[in-house]
Every structure is written in structure tokens, then in C-alpha cells.
Amino acid sequence: MEFETKNGHLIWDGCDTVALAEKFGTPLYVFSQTMIEEKCQELQRDFVEKYDKVRVAFASKAFSTLAMLKIIQQQGFSLDVVSDGELYTAIKADFPAEQIEMNGNNKSIEELEMAIDYGVGRIIVDSLQEVDLIAAIAKEKQKVVNILFRITPEVNVTTHSFISTGQKDSKFGIPIDEEILFPQIKKAIDTPEVNFLGFHFHVGSQLFDNQAHLAAVGIALDLVKMVKERYNYVIEELNFGGGFGVRYTDADQPKPFSYFTDPMMKVVLAFCEKESYPQPAVVIEPGRSIVAEAGISLHTIGAIKELPGLRKYVSIDGGMTDNIRPGLYQAEYTGVLANQADQPATETVTVSGKACESTDILVKDIQLPKVEAGDIFATFSTGAYGYSMANNYNKLAIPAVVLTKAGKAEVIVKRQSLDQIIQNEVIPDFLQ
Ligand SMILES: Cc1ncc(COP(=O)(O)O)c(C=O)c1O
């Protein structure tokens, strides 16, 4: 990993991370606005400005906070939400509802009502009951709702099976089966309360190879053609999901967005040319690739346990409660001692969390300078699915989040207090 140091300290977006840890406490999430904006600018330059009728919808599940959604809004991007909570956060951030699209494999009636009341731009249908549900709500509210179908394109992806989603045996999406998908398409075309726009897929996450995306684009275009032939219906929009890989460790070699988007657009444009088909709008839904590398986590090292000839554990003041990904799907990370960032590595240690689970290991066998209690461990690339998956296991508080911009740092999420952890708890009368 490349990083900047000054006076031996890790510098992040012009800020001294040791000073950040002192000022705001640890554990701490630190997000560089500069780095988020750089990713957005790459998307603007190599996708939005390069092609007609294309959009980026940030997958807010990766990092959904009021401040983050402001940054996304300033870029003119759309937003993907998957729950009432993500939708509520977007609305509270004044995100224009028509630029919001709602995903989710089991949206509740209340969530659908909320989405339709706010007037979200699109609902991505992901179950066989949903068209009827949406139509009934829309009828009652005298609205017409734009929908797409999330399909399972059944392509193979080269990523961890826990984060691959495009295969048939998946809880996500509607299989492209004659008896399953086509009756839904027919219904959508015939139902006046819904405006059937097109198809959506998301093949999986943390991908470095464009083959799965390209195969899925081909499958989606075959469907587009079939819909035209069968129903004389023209698809207006295709959504190719997210999943573009990022660098968690030096073993990861992420590709620029254009490595995925250029070939996908080439296939779409060639299809339109060959079939004399009007170009549909093309949307991508990146989450991790916009925020992962912009975020780091800072932890203070406490207990150190050396098992001679076996392993040296150094424990941090957080762990799977603020970053569950290693425990959840063996995600790998790397980091540095923020207060000795220019020192050579002299020992191999295992950085463990403080939660009561043996899988609460943040980084196994990492080379660091000699570690002492009080050192600050900075984990790289924790910007996506770190804060958003944070939890209160062991009643540990969810850390604060700080946003940095060229040397400035401000809290965008306050640290949870102990009172907040128990604020919804009550002792029933019969226990008094
Ligand atoms: C429908 C959908 N879109 C977009 C994403 C974002 O994926 P990533 O963060 O890997 O870009 C996901 C991730 O789960 C998803 O399910």
C-alpha cells in the first residue's frame, strides 16, 4: 500500500492520523472526501461524460450517512437504497427522490408505500409478488411507478461465494425462466400503474475481471430482444449493478472503471446498431469502488499476548463490531502503525479484535515495527461496508466517523454513547 507520512505519522488527506486519534478518540473511521471525489471524477470523465444516456447510482449500502449522500448529490449521481432506513437517510439528506432507486429482495409493504409516497425514480422488482404489490399501492395513491426487473443472469463470477449474487441459486433476482420471468414481464407491460423500464442485474462484488459483467450484459440484451419480438415492447433502461473490485491488500489489483464500462457500452451500442434498437439508458451501481479506499479505521492497541514459536496477538479497542467483514467472509486487510508509519517492519503479529468470538481477527500475520500498547493501528480500505455493517455485539459502541478534506477534519457521525446503546430497552412490569 502506498501512503504518506510526516514526522513518522501516517497522513490521510492532509491530516495527521495520530492527532485525529487523540482528538476524536478510537476506534475511529476516517473518510477522505478528496479520495471519494477523485473516484467520482473518474466515473464522470470515463463514463458519464463519455457516453449518452448513462447514469451512476451510488449503492448507499456501502456507506450511508447524511454527509456521504451530500457528496454523491453534489456529483449529480443517483442513489441506490435497499431499505426504509437507507431511503429515510437519503430523504433527510435532501436527496432528490426521483434520483433514488429502490432495490431489495424482500421489500415490505410499508417500504414500498414509503418509496411510492416519496416518489422514488425507480423500484427494482426482485420478487414474484412485487409487481402486484406495487400496482395495488400505486393504484390507491393514483401514481404510476417506474420499475425494472432484477434478473439472475446465471453467470460465473470469480469472487468469494458469499459475495456472488448472479447465480441461479441465489436469494437475489428473478430467474430467466419461461414460467417465472415472462409472465411477470407480460403483467408489467399490461398493468397501467407500473411503467416497465427494463432489466437490472448485479453479478457479485469485488470483481477484477470484466467477464461476468460482459456475459450478463449479453444475457440482458438477449432478453431485450425477446421482449421486443414477443410483446413489441421497447426497453428504455438497463442497470448493470456494481461489483468493481478495490485494493484491500497489495494482492488486489483493481482496474479502472473504464475496464468494465467501455466493453459493456461497446456491446450495448453494437446491439442497438445491429438491431436498429433505440439506445436504452445504462446505469451502474458502484458502492465499494467509490468509498472503500477512501476510508481507514484507527484503533488503539492494548493487550499483547505472545505465544513463543506460535503467534503474537495484538488486540485493538474494536474489531468485528466496527469491521465484520473478516469474520463474515474472510475478507483480508492490511494496515500500519500510524504512529510509526515510517519504521521498518520487524515482527509478525496478528491483529485481533476485542469481541468474544475467535473469528474476531482483523489481520492475520501482518509485518509491523515492534508493537507496543498505546500504538495506533490504521487499517486501510475500510470505507465500504465497515461503518455500514457496524453492530453493537458485546454492547460495544459504534465508533465516530470523521470526514477529512485537505487537512481539515470534522465529525460526520458522533460516537455512540453507552446510553444510546440501551436507549430502546425496557424492563417489563412483571420484572420490577
Ligand atoms: C443490487 C446491488 N447493487 C450494487 C451493489 C454494490 O456492490 P459493490 O459495493 O460491490 O459495488 C450491491 C452490493 O451488494 C447490490 O446488491
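How much space lies in the second largest pocket? About 460 Å³. This is a predicted model, in which local features need pLDDT of at least 70 and side-chain atom pairs count only at pLDDT 80 or more, while totals for chains, interfaces and linings use all residues. Residues are numbered from 1 along each chain as its sequence is written, and side-chain values use heavy atoms, with hydrogens and water left out.

**Stop 1: the second largest pocket**

Select Tyr 333, Leu 362, Val 363, Lys 364 and Asp 365, which lie nearest the centre of the pocket among its 29 lining residues. A pocket here is an open set of points on a 1 Å grid over the protein atoms alone, with protein on both sides within 12 Å along at least five of seven lines, and a lining residue has an atom within 4 Å of a point. Grid points are joined across faces, edges and corners, and the volume is the space filled by probe spheres set on the points.

Next, colour β15 (311-316), α11 (325-329), β16 (335-337) and β18 (361-368), each of which supplies at least two lining residues. Helices (H or I, at least four residues) and strands (E, at least two) are DSSP runs numbered from the N terminus. The largest share, 8 residues, comes from β18. By class the lining has 15 nonpolar, 10 polar and 4 charged residues; Ala, Val, Leu, Ile, Met, Phe, Trp, Tyr, Cys and Pro count as nonpolar, Asp, Glu, Lys and Arg as charged, and the others, Gly among them, as polar.

**Stop 2: the cavity**

Keep α11 and β18 in view, as each supplies at least two residues of the lining of the largest cavity. A cavity is a set of grid points where a 1.4 Å probe fits but cannot get out. The structure holds 1 cavity of 30 Å³ or more, and about 30 Å³ of space lies in the largest cavity. To outline this cavity, select Gly 319, Met 320, Asn 323, Pro 326, Gly 327, Thr 359, Asp 360, Ile 361 and Leu 362. The lining divides into 4 nonpolar, 4 polar and 1 charged.

**Stop 3: two helix pairs**

Move to α5 (residues 109-118) and α6 (residues 130-140), which pack at an angle of about 50° with their axes 10 Å apart. Axes are lines fitted to C-alpha atoms, for helices over the stretch in contact, and angles run from 0 to 180 degrees between N-to-C directions. The two helices are therefore oblique to each other, a label for whatever is left once angles under 35 degrees (roughly parallel), over 145 (roughly antiparallel) and 65 to 115 (roughly perpendicular) are set aside. Show Ile 109, Leu 112, Glu 113 and Ile 116 of α5, which meet Glu 130, Leu 133, Ile 134, Ile 137 and Ala 138 of α6; contact means heavy atoms within 4.5 Å. These residues comprise 7 nonpolar, no polar and 2 charged.

Now select α7 (residues 181-190) and α8 (residues 211-231), packed at about 60° with axes 12 Å apart. That makes α7 oblique to α8. From α7, Leu 181, Phe 182, Ile 185, Lys 186 and Ile 189 make the contact with Leu 223, Met 226, Val 227, Arg 230 and Tyr 231 of α8. This contact has 8 nonpolar, no polar and 2 charged residues.

**Stop 4: backbone details**

Go to Pro 27, in the loop between α1 (17-24) and β4 (28-32). The peptide bond from Thr 26 to Pro 27 is cis, with omega near -10°.

Lys 53, in the loop between α2 (33-48) and β5 (54-59), is a residue other than glycine with a positive phi, near 55°. End at Ser 276, between α9 (257-275) and β13 (281-284), where phi is positive at about 50° although the residue is not a glycine.
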